[in-house]
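Biologist: Could you take one part of this model and walk me through it slowly? I'd like to hear about charged side chains that pair up, and what surrounds them.

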Amino acid sequence: MGGGSVKTGKMPEGEKTRQCKQEEQQQKEEKREGLIEFYGSYQELFQFFCSNTTIHGAIRLVCSKKNKMKTAFWSVLFFLTFGLMYWQFGILYREYFSYPVNLNLNLNSDRLTFPAVTLCTLNPYRYSAIRKKLDELDQITHQTLLDLYDYNMSLAQSNWSTPSTRKRSSRSLLHHVQRHPLRRQKRDNVVNLPENSPSVDKNDWKIGFILCSENNKDCFHQAYSSGVDAVREWYSFHYINILAQMPDAKALDESDFENFIYSCRFNEATCDKANYTHFHHPFYGNCYTFNDNNSSLWTSSMPGINNGLSLVVRTEQNDFIPLLSTVTGARVMVHDQNEPAFMDDGGFNVRPGIETSISMKKEMTVRLGGSYSDCTEDGSDVPVQNLYSSRYTEQVCIRSCFQLNMVERCGCAYYFYPLPTGAEYCDYTKHIAWGYCYYKLLAEFKADVLRCFHKCRKPCKMTEYQLSAGYSRWPSAVSEDWVFYVLSQQNKYNITPKRNGVAKVNIFFEEWNYKTNGESPAFTVVTLLSQFGNQWSLWFGSSVLSVMELVELILDFTAITSILAVRWFRSRQQLSPSGPPPNSHDNTAFQDEAPALSASHRFTVEAVVTTLPSYNSLEPRGPSRDGEVGHE
């Protein structure tokens with residue numbers, strides 16, 4: 001075998017200096033930070049965050065890492081606190097999106113606009129246009145009371161008992177009344193009594209009338225526990241049919257203002273006809289509304305009885321309908337302008353021979369619309385057509401809703417409510433079974449099957465008047481002689497007994513102040529952010545910048561996750577079946593890299609295996625020596 005040797009000499013000083021500078025420059029470049037740099041692992045990310053964040057308690061996760069018990073304790077405490085804080089955040093979010101409101105109460109002092117006042121006679125007038133038909137109805141009712149209660153009603157004011165009237169009655173109303181007879185009903189059972197049954201205990205019976213469908217296949221008994229209510233309701237049903245047969249409602253306009261209102265004063269000034277409007281109510285008779293003219297409204301500069309409306313009214317019922325009206329006096333209602341007077345809802349009666357003093361307190365309510373409450377500004381967003389010639393109110397909407405359902409289901413309109421376009425009032429001469437349809441629909445309406453109470457919403461702005469009444473005898477015993485004498489001379493007042501035919505009404509503001517109930521948002525965006533800051537400071541004692549640190553942590557975590565996902569995806573592609581088989585000996589990569597490694601480079605690496613000299617001195621640390629490498 002032959003042998004060979006390679007001798008390595010001492011590396012030149014210039015070469016060593018150049019190599020050391022290159023390595024130093026490479027280390028500086030490795031330590032230099034880039035513009036965008038991510039952490040190498042999740043552990044490095046969280047360790048940096050916990051060591052440098054301003055969130056309280058996070059540093060404990062790093063400082064106590066050598067004590068596993070403390071690390072576990074602070075980890076549980078940190079994440080538990082974090083969860084509690086976000087639980088509170090959830091409560092705040094829920095409260096914010098429930099849109100709570102604050103109620104603001106304000107007291108205002110200003111000149112008050114006097115409300116509208118409606119006064120009715122409580123005397124359904126026997127109008128000349130329908131007098132004959134009412135006479136026929138009264139005759140039938142008289143016979144019905146005689147059959148049911150053996151009561152002989154006084155007929156002194158009419159010639160109802162004459163044969164000609166009976167013959168006329170049988171040809172007009174009788175066959176319609178026979179279709180809706182007034183009968184007794186045994187409790188829980190429908191039984192028709194014989195005409196003469198005096199031995200039966202009348203307490204075991206109810207009174208009502210029969211209503212049937214058009215084909216008479218379905219009937220029900222509209223029963224009442226009180227016989228008075230039954231007779232009055234039965235009479236009213238036929239009375240409405242008579243009114244509905246009038247081609248023109250203006251034919252019933254027989255106003256007699258002077259014979260009803262003897263005296264009218266406001267703010268110590270006399271009223272005149274320009275201060276009131278008139279309308280007819282089927283049950284309450286002639287009604288007069290004061291201060292309903294929006295062009296010249298009354299205003300009260302001072303509270304008190306002398307600065308309001310004072311009326312002396314006639315309460316004697318001279319030509320009334322006794323089967324329809326069972327009370328005497330007058331009915332008064334206070335309401336806002338441009339609102340209809342629903343006398344059944346807000347009115348109350350004035351007694352004869354009594355001075356009624358009504359004090360008022362004005363109260364305004366302003367609600368927040370939109371998401372804060374289910375109110376409407378003007379009713380334009382309510383799915384119910386307004387049939388009244390007035391502004392939107394909840395009662396206007398409810399009555400319009402019932403009337404529209406009445407027209408749709410029964411084919412005609414109820415006489416008490418406005419007439420829709422193209423419809424006509426219900427009349428059993430044209431609509432035979434409208435009564436059956438009406439009472440069925442009324443039961444559904446009261447049970448809210450028609451959804452009228454759901455559709456009709458409260459207005460966002462409304463004005464109400466809180467009323468309180470006081471009563472005293474008027475005129476007094478010592479003054480009644482001269483008061484009645486003056487009334488007899490001026491107003492031809494000749495009623496006997498005198499005290500039962502006149503009453504006095506005073507309506508005034510109790511105080512100058514009026515109350516406004518307003519709403520304001522209880523939770524705004526500013527309030528929500530403030531509550532978030534309070535909760536964050538409570539649980540972590542940090543600020544807005546601490547929140548930004550947490551946002552930065554989330555972004556870095558997302559970036560690292562994305563990078564690792566891309567690397568995993570690429571590695572999966574490299575290991576796909578399209579590449580070389582795993583057992584094949586493919587050394588192409590190694591063969592490509594082998595020529596790049598020359599012998600001189602290998603010898604250079606072997607020559608400088610010894611420890612490099614320090615940066616302070618480039619001289620060799622030991623004596624130079626040659627080495628031989630040989631092999632046989």
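Modeller: Let's start with R409, which is partly exposed because its relative accessibility is 44%, between the 20% and 50% cut-offs. Keep in mind that this is a predicted model. The side chain of R409 meets that of E444 in a salt bridge, with 3.1 Å from N to O. This pair links distant parts of the chain: R409 belongs to helix α11 and E444 to helix α12 (residues 434–446), 35 residues apart. E444 is partly exposed too, at 23% relative accessibility. What lets such side chains get together? Side chains of opposite charge can pair when their charged atoms come close.

Now stay on helix α11, where you'll also find R399. The side chain of R399 meets that of D345 in a salt bridge, 2.7 Å from N to O. Since D345 sits in helix α10, this pair ties together parts that are 54 residues apart in sequence.

Next, look at the loop between β16 (354–366) and α11 (394–410), which holds R391. R391 and D336 have side chains that meet in a salt bridge, 2.3 Å from N to O. D336 is found in the loop between β14 (330–335) and α10 (343–346), so you're again looking at a link between distant parts of the chain, this time 55 residues apart. R391 is partly exposed, with a relative accessible area of 35%, but D336 counts as buried at 10%. The structure as a whole holds 10 salt bridges.

Strand β8 (residues 261–266) runs antiparallel to β13 and is joined to it by five bridges; R265 has S310 as its bridge partner in β13. Strand β18 (residues 502–509) is antiparallel to β13 as well, with six bridges between them, and I507 in β18 stands opposite L309.

One last stop: residues 72–93, which an unreviewed UniProt entry labels "transmembrane region". In the model that span is 100% helix and 0% strand, and its end C-alpha atoms lie 31 Å apart.

Terms used. Residues are numbered from 1 along each chain as its sequence is written. This is a predicted model: local features need pLDDT of at least 70, side-chain atom pairs count only at pLDDT 80 or more; totals for chains, interfaces and linings use all residues. Side-chain values use heavy atoms; hydrogens and water are left out. Two strands pair if DSSP finds at least two bridges between them. Helices (H or I, at least four residues) and strands (E, at least two) are DSSP runs, numbered from the N terminus. UniProt positions are given in the numbering used here, feature names are shortened, and annotations may be inferred rather than shown by experiment. A salt bridge is a side-chain nitrogen of Lys or Arg within 4 Å of a carboxyl oxygen of Asp or Glu. Buried means under 20% relative accessible area, exposed over 50%, partly exposed in between (1.4 Å probe, protein chains only).
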